[in-house]
Amino acid sequence: MVYAGFDIVPRLSRDGKDKQDWEKFLNIVQEVYEDDPRVEVKANWIEFNVGEYALLPLEGHRFLRFSANIADSTADSTGAGKYIEIVGRIAKMVFGPRIHDWHEVSDGFGHYGWDVVNDNATEMYREFGKPNSQDATSNSNSLPEATSRTQQPCYTIQNIAGKGQALIARIDIAKGTRIVREKPLLIVHPGPPQRLELELTLKLKLHPKEQEKQFRSLHNCFAGEHPLTEIVITNGQSCGRPSNNLAVCATISRVNHSCLPNSVSDWNNDLEVQSLNAIKDIKAGEEITISYLPENVPRILRQIALKKCWAFDCQCDACSLPPQQLILSDHRRKLISALEPMLEGIRCIIDPVGYLKDIRYTLQLLDEEYNDMTHPSAINAYRNAYFLCVFHGDQARASAFAMRAYECMEICLGRDNLCAQHIKCLAEDPESLGPEDSVSNLWESRDKTPPSGLSQEEFEKWLWKHASQ
Ligand SMILES: [Zn+2]
């Protein structure tokens, strides 16, 4: 056994900012682990069924240590190490340097001695009752899979003429809804087809029969000599950089393409799940779609890429626009694409006004092209605006742009995304952005928080002030 965890030093007080921060911390933990059956919210605790001290009291002043055994077969089956890492990262977002990470092998047992931690725990158990996670090691293998808490899906899987299987909204789905979140059937590292085919054959043999059946039933648009590899290429979705891995999922891999999609599929690298999120309102009966192409490119290039990689001619609303409107759509997409490299590098320091103007222009183009959709490209636009304002000492606008970035991330990626939670913490605590984070005082202002009580129009005017110079 090897223990790891984190301590909070000094311990929290009963009230004031410490109390608020503890509530914020618990909220984030609950949002991240909302669909996780190992994490249970009880009357007095949040219990992680992965180890004795993997629990968080609802009263923060009681808390000293979060820890678990992370290295034996039980820890492997519960994924204890991952819980320790992620809860520790969330704690650091909120409490910063008060969080002391430790690992038994490399750092010893943390700030507090076990006698102090044990006495503290005994006192808590006397007052709150003993949590179930005390017995976690005995029942850890019988816990249900992560899908057990989900209600009836908001979609059905149906056959559509000429498109194969598709996800259809069973009910009206509001923008920002998590449509599905699932563990992939397989995560595959791409390689030469012959070698990959052999690897996949062996991997599938180790899978339960039902999962193998689900994998083999996925669409293959190549029908060549390496059917398993071709299923991966047809259905695999990127696990994000820097990995080249592809995740193949039982449900999300069946979602069809549109150049005007109503959903986004995202790989959550921390939780190792794929999620599908509605980025606009979807009516009951409507097909749920994602874009297979990450870039903003004109129709002709989309058609070539889709034909080559997925062997179909796209007839979505964007591809079927009348000629005049299609020219405008292509023009907007080319511009959005051309503006992307303009928002990288040191231009934010040497030409901040032009940089902010280009961010605003990008957002306008996204609005015109995608209407009521929250496009994932808006996340980067707002995040760049946030960094820009941090660089030049404008904490109030940095906070406002960070909140806009969070709102887009919440819709496109979900509240269980740790990057989204991090930027929300920054937005809510602009004071945490001290002068040391700035490289200039060009836009420095006495206001540290965004103004309240403004109309929407007035707020937009305030927000984009530096782009109006
Ligand atoms: Zn299309």
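Strand E1 (residues 3–8) is joined to E5 by 5 bridges, and the two pair in the antiparallel sense. Strands (E, at least two residues) and helices (H or I, at least four) are DSSP runs, numbered from the N terminus. Two strands pair if DSSP finds at least two bridges between them. Within this pair, Gly-5 stands opposite Ser-67 in E5.

E1 and E5 belong to an open sheet of 3 strands, ordered E5-E1-E6 with antiparallel pairing. Its edge strands, each pairing on one side only, are E5 (65–69) and E6 (99–103). From one strand to the next, the twist averages 10 degrees.

## Basis and confidence

This is a predicted model, in which local features need pLDDT of at least 70 and side-chain atom pairs count only at pLDDT 80 or more, while totals for chains, interfaces and linings use all residues. Residues are numbered from 1 along each chain as its sequence is written. The pLDDT is the predictor's confidence in each residue, from 0 to 100.

The protein averages a pLDDT of 90, and 95% of the residues score at least 70. Confidence is highest in strand E16 (residues 289–290), at a mean of 98, and lowest in helix H6 (residues 136–139), at 39. Over residues 134–150 the pLDDT stays under 50. For that stretch the model has 23 contacts beyond four places in sequence; two residues are in contact if their C-beta atoms, placed from the backbone, lie within 7 Å. Where pLDDT is low, the predicted coordinates should not be read in detail.

## Sheet E10-E12-E11

Another open sheet has 3 strands in the order E10-E12-E11, again with antiparallel pairing. Strands E10 (186–188) and E11 (237–238) are its edges, and each pairs on one side only. E11 and E12 (residues 246–248) run antiparallel and are joined by 2 bridges. Ser-238 has Leu-246 in E12 as its bridge partner.

## Helices H1, H3 and H16

Helix H3 takes part in two of the helix contacts described here. The axes of H1 and H3 come within 10 Å and cross at roughly 145 degrees. Axes are lines fitted to C-alpha atoms, for helices over the stretch in contact, and angles run from 0 to 180 degrees between N-to-C directions. The crossing of H1 and H3 is right-handed; a crossing is right-handed if the near helix is turned clockwise from the far one by less than a right angle, and left-handed if anticlockwise. On the H1 side the contact includes Phe-25, Ile-28 and Val-29, and on the H3 side Ile-86, Ile-90 and Val-94. Its residues divide into 10 nonpolar, no polar and 2 charged. Ala, Val, Leu, Ile, Met, Phe, Trp, Tyr, Cys and Pro count as nonpolar, Asp, Glu, Lys and Arg as charged, and the others, Gly among them, as polar.

H3 (residues 80–95) also packs with helix H16 (residues 418–428), at an angle of about 15 degrees and with the axes 9 Å apart. H3 and H16 are therefore roughly parallel to each other. Angles under 35 degrees count as roughly parallel, over 145 as roughly antiparallel, 65 to 115 as roughly perpendicular and the rest as oblique. H3 passes H16 in a right-handed crossing. Ile-86, Arg-89, Ile-90, Met-93 and Val-94 in H3 meet Leu-418, Gln-421, His-422 and Cys-425 in H16. By class, this contact has 6 nonpolar, 2 polar and 1 charged residues.

## Helices H14 and H15

Helix H14 (residues 377–391) and helix H15 (residues 395–412) have axes that come within 8 Å and cross at roughly 160 degrees. The two helices are therefore roughly antiparallel to each other, and their crossing is left-handed. H14 contributes residues including Ala-378, Tyr-382, Tyr-386 and Cys-389, and H15 residues including Phe-401, Ala-405, Cys-408 and Met-409. The contact divides into 14 nonpolar, no polar and 3 charged residues.

## Two backbone details in loops

The peptide bond from Val-9 to Pro-10 is cis, with omega near -10 degrees. Pro-10 lies in the loop between E1 and helix H1 (16–32).

Glu-272 has a positive phi of about 55 degrees although it is not a glycine. Glu-272 lies in the loop between strand E14 (263–268) and strand E15 (273–278).
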